[in-house]
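Could you walk me through how to read helix packing and nonpolar cores in a model? I would like the general idea before the particular case.

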Amino acid sequence: METIKVMAASGQLGSGFSEESFNRGMSWEPDMIGCDSGSTDSGPFYLGSGKNHFPHDAIKRDLRLILLGARRNRIPAVIGSAGTGGSNEHLEIVVKILQEISTEENLHFRLGIIKSDIDKEYLKEMLDTGKTAPLPNAPSIDHNTIDDCSHIVGLAGVEPYIECLDNGCDVIIGGRSSDTSIYASLPLKKGFPPAIVWHAAKILECGAACVAQRQYPDCMFATIDQHGFSLEPPNMDYICTPVSVASHMLYENASAFKLIEPSGVLDTEQATYKAINSRSVRVEGSRFVPANQYSIKLEGARFAGHLSTILGGVRDPVIIGQLDSWLEGMEQKVRQRFVTIYGDDIQDKYRLLFRVYGKNAVMGELEPDQTTANEVGVVVEIVADSEEMVRTLASVAAHICVHYPVPEWSGLITGLAYPYSPAASYKGPLYEFTLNHVVYPESYQDIFKTEYHNI
Amino acid sequence: MPVKLSDVAKLIRSKNAGPFILTMDIMFENEEKYALVKNSNTITASSISRIYNMEIDRIDIEFFDAANSIKISIPRPHTSGSFEDSDVFGGQQYGPLVDIVVS
């Protein structure tokens, strides 16, 4: 094989792509279609709760086109990080949609599934035997951290994907994976150079995100050879320029030059980006340094309680002039009131914080500018173990806050403008990311379990 | 007339690089504008350390010539979406960079 052609349907399964672009890309005869389906972007709720971000119908629309296209051209379709979080629970959501489509369209194929859930006992043993390591800014972890997680997943590398392809799979639905593994799978299996393949995969993983001015999510097309790769957007309204392609290396990565995969590190510092014509770009010159030790990145989220919020606005210059001390006093009063009702035991059973929009709510301790606007929005947040408890605490707090006094005004004041009745809103369960670590397995099979089905 | 970063950059943005790290990109439309800022003392570990009130050794800065861009990465004070966090995507943490004077 002199070249291999890979199409990314979109940056996220369910975020959409143009059917016209997709069909044009299919007419360029790709050797595989890929699409990423997961992310931690939208926060810990999805991994924590087992729910997916994009709606069922949106995923089904995208997946139907991908499946029909792939089956028509007899090429593999590879979906990674299924259902946002990529746990077994998320995987089931996407596999169920896949089965619905297959029944409706009377499709028959061999399906490979990659499970990315991490067994808690296995992880504890790895932690105890020194076979884990923290990544930058990681919290310290112990057995309790692991037990507290509602879901723990590993980010699969390319290895289980290649196993599925070796086993003749036409369609692969992977659990949590590195975004690039989806696109690196077939090219690496076919023996194309790792540096070129990983770099192409990195550019492909967000679909049309590497074009000069993306209007909406869409497809991207790469042709890989032994010396480099070229990119061309199937959407004729889009263009790739050397700068737009290079710039994509910046997106969501702590480094523009280094991309860490389980099997090694892609180094793009010496890469060159050259225009082939007005809308396609040739990339060469990156390096891939194989890892001394195979490592798998972990993601974990824990249930952190039920959350209620109270939103109130302040316009009185007298209050705004002493906002910090007013809110400190208010917070103390709220905490005292909780103790009055529930006794001292309540003190470690809830968490309370105040954010001030119009001052430093957006940046918190990172905010260098401490000026306050002429009106501010105060958000009071409370977390407690049960929905009933947090609803009660929030309702108590809302009453204390609204009438909390300032010394300058004598008599009862109403210091917060509540836009809603009731003032407090129950927000639902809160989850938090707890792991930012790698684990060093003997082999990918210690973690990632593959299953094969004839659909 | 002092030149602000927003006068010469085509895009200044911030985003999570995973739930634990925040990354900021300052992108320029041409090499000339990029070089103006790159060759100045505007974006250094010490200037970023002052703005974000963070130790110098926690700040990573990269100059990416092929993309006419500068990248700054810092640890998040709170993980994305945690109780204390107020910016799940990390999308509004570049604010103080916009008005920096290029010097």
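The dialogue below takes helix pairs and then nonpolar cores in this predicted model.

Q: How are two packed helices described?
A: Two packed helices are described by the angle and the distance between their axes. Take α12(A), residues 323–342, and α13(A), residues 387–402: their axes come within 9 Å and cross at roughly 130°.

Q: Which residues of α12(A) and α13(A) meet?
A: From α12(A) come, among them, Trp326(A), Met330(A) and Phe338(A), and from α13(A) residues including Leu393(A), Val396(A) and Ile400(A). By class, this contact has 12 nonpolar, 1 polar and 2 charged residues.

Q: Where do nonpolar side chains tend to be in soluble globular proteins?
A: They tend to be buried together. Here, the largest nonpolar core has 71 residues, and those with the most contacts inside it are Met220(A), Ile224(A), Leu231(A), Tyr273(A) and Phe64(B). Helix α9(A), residues 194–204, gives the largest share of this core, 8 residues. Another core, of 34 residues, lies apart from it and includes Val356(A) and Ala397(A).

Q: How do α8(A) and α9(A) cross, left-handed or right-handed?
A: The crossing is right-handed, with axes that come within 8 Å and cross at roughly 145°. Tyr183(A) and Leu188(A) are among the α8(A) residues in this contact, and Val197(A) and Trp198(A) among those of α9(A).

Definitions and conventions:
Residues are numbered from 1 along each chain as its sequence is written. Chains are lettered from A and ligands numbered from 1 in the order in which they are written. This is a predicted model: local features need pLDDT of at least 70, side-chain atom pairs count only at pLDDT 80 or more; totals for chains, interfaces and linings use all residues. Side-chain values use heavy atoms; hydrogens and water are left out. Axes are lines fitted to C-alpha atoms, for helices over the stretch in contact, and angles run from 0 to 180 degrees between N-to-C directions. Helices (H or I, at least four residues) and strands (E, at least two) are DSSP runs, numbered from the N terminus. Contact means heavy atoms within 4.5 Å. Ala, Val, Leu, Ile, Met, Phe, Trp, Tyr, Cys and Pro count as nonpolar, Asp, Glu, Lys and Arg as charged, and the others, Gly among them, as polar. A nonpolar core is a set of buried Ala, Val, Leu, Ile, Met, Phe, Trp, Tyr and Cys residues joined through side-chain atoms within 4.5 Å. Buried means under 20% relative accessible area, exposed over 50%, partly exposed in between (1.4 Å probe, protein chains only). A crossing is left-handed if the near helix is turned anticlockwise from the far one by less than a right angle, and right-handed if clockwise.
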